[in-house]
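Biologist: I have a model open on my screen and would like to learn how to read it. Could you walk me through it feature by feature?

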Amino acid sequence: MKMPTLVPLPDLSTRIPDIFFSPRYAAAYNEAENAKEEVFHFDDAEGEIYMLFLRRRLTEFPGFESYSDATTPYGYGGPLILNGAGSVPARAGLAKRFAAAYNAYCCREGIVSTFFRFHPIIDNGPDFMAAFDHVEAIHPVVAINLSNHVEANYHANLRHKLRTAVKKGVTVSYDTCGDTLNDFLDIYYMTMDKKSAADYYYFSRRYFENLMGQFPKNTAIVNAKREGETVASLFLMYYGDFVHSHLGGTRKECYPYEGFSAIHDDVARRFAREGYKWFILGGGHTDAPDDGLLRYKKCYTADGGLFPFYTGRKIHLPNIYDTLCRQRHAAIEPEAGTLPDPSFFPFYRAKL
């Protein structure tokens, strides 16, 4: 068996199926996590696995500055079987050997834990269910099959929204240069404020500039306008077979114009014509089945379109992990009245 290696970041990049597996995506994202991108490549006689991850130093934890933890970047990624291991048992065996090699690497390198996000369409999560701790489907993701008569699968209430957008004079345009980034950010941050979103979701201007710089042919800001005003805006990414409704929003006073519905419809029809296979809309605000955002997204997929989104976790250094968690508990003021979510992983990074 070949020894697993950390490969230089450009290697293997032509074989990845979606933007979230690209080291260039991680390079654009790592500033948000104060991290450094790495690729772990496992290769043996039975197959090959590639994993992109971000390594975060524990600089904010006194006495543990030499340690780090790992996470796959925001979005849909995780370890990916590149070739070999065709049967389910063979894939599970390959995944277990990969996990053992990766765990050994993390123990040597002082990586305390890893959080994994998997890809809902490539469906790599089930391959690793027996390899890592708590690999589970946490909520559904909506994706439009672009090869399956897109408009024919729209629900009646979505058709009504689209007719409303037309009547209101809404038009859709694409900006691949970033000229409308200011409008996009105004709308995006306004939307996050409305949702009382966590600080984590307030991605910086530099994040979006980095993405457009790293992927000039794979990103666009899609704007819905009415009477010269941008009423809704979406940051779009497209790579391989996949199109992603990444981040966006609607001006709070402009919801009646249905600009976001018009954007999603235009993107779906345009990229279907260009030969892309999937338009991933994402999930809801919460895990609840009656979540309003999830209900809206399901309107695009009368033929189904729900796919499980898997995450996973692995503790590599249990003693260090437990010590860090005890410190986190001790730092909580008893009178604060609010405790961190005990299910958050890693718990020592949980916010009040």
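Biologist: Which residue follows α4, and what is its phi?

Modeller: First, some housekeeping: this is a predicted model, where local features need pLDDT of at least 70, side-chain atom pairs count only at pLDDT 80 or more, and totals for chains, interfaces and linings use all residues. Residues are numbered from 1 along each chain as its sequence is written, and side-chain values use heavy atoms, with hydrogens and water left out. Helices (H or I, at least four residues) and strands (E, at least two) are DSSP runs, numbered from the N terminus. Now to your question: Ser196 follows α4, and its phi is positive, near 50 degrees.

Biologist: Which peptide bond is cis?

Modeller: The one joining Phe345 and Pro346, with omega about -10 degrees. Pro346 is in the segment after α8 (318-330).

Biologist: Which residues of α4 are buried?

Modeller: An α-helix has 3.6 residues a turn, so residues three or four places apart point the same way. In α4 the buried residues are Leu181, Phe184, Leu185, Ile187, Tyr188, Thr191 and Met192. Their cover includes β8 (171-175), α5, β9 (219-226), β10 (229-239) and β11 (242-250).

Biologist: At what angle do α4 and α5 pack?

Modeller: Axes are lines fitted to C-alpha atoms, for helices over the stretch in contact, and angles run from 0 to 180 degrees between N-to-C directions. Helices α4 (residues 181-195) and α5 (residues 205-214) pack at about 130 degrees, with axes 11 Å apart. That makes the pair oblique; angles under 35 degrees count as roughly parallel, over 145 as roughly antiparallel, 65 to 115 as roughly perpendicular and the rest as oblique. Contact means heavy atoms within 4.5 Å, and here Leu181, Asn182, Phe184, Leu185, Tyr188 and Tyr189 of α4 meet Arg205, Phe208 and Glu209 of α5.

Biologist: How do α3 and α6 compare: what is their angle?

Modeller: Helix α3 (residues 156-167) packs on α6 at about 105 degrees, with axes 9 Å apart, so the two are roughly perpendicular. Leu158, Lys161, Leu162 and Ala165 of α3 make this contact with Ser261, Ala262 and Asp265 of α6.

Biologist: What does Glu258 touch?

Modeller: Glu258 lies in the loop between β11 and α6 and counts as buried at 18%. Beyond its neighbours within four places in sequence, Glu258 contacts Lys161, Thr164 and Ala165.

Technical notes. Buried < 20%, exposed > 50% of the residue type's maximum accessible area, 1.4 Å probe, protein only.
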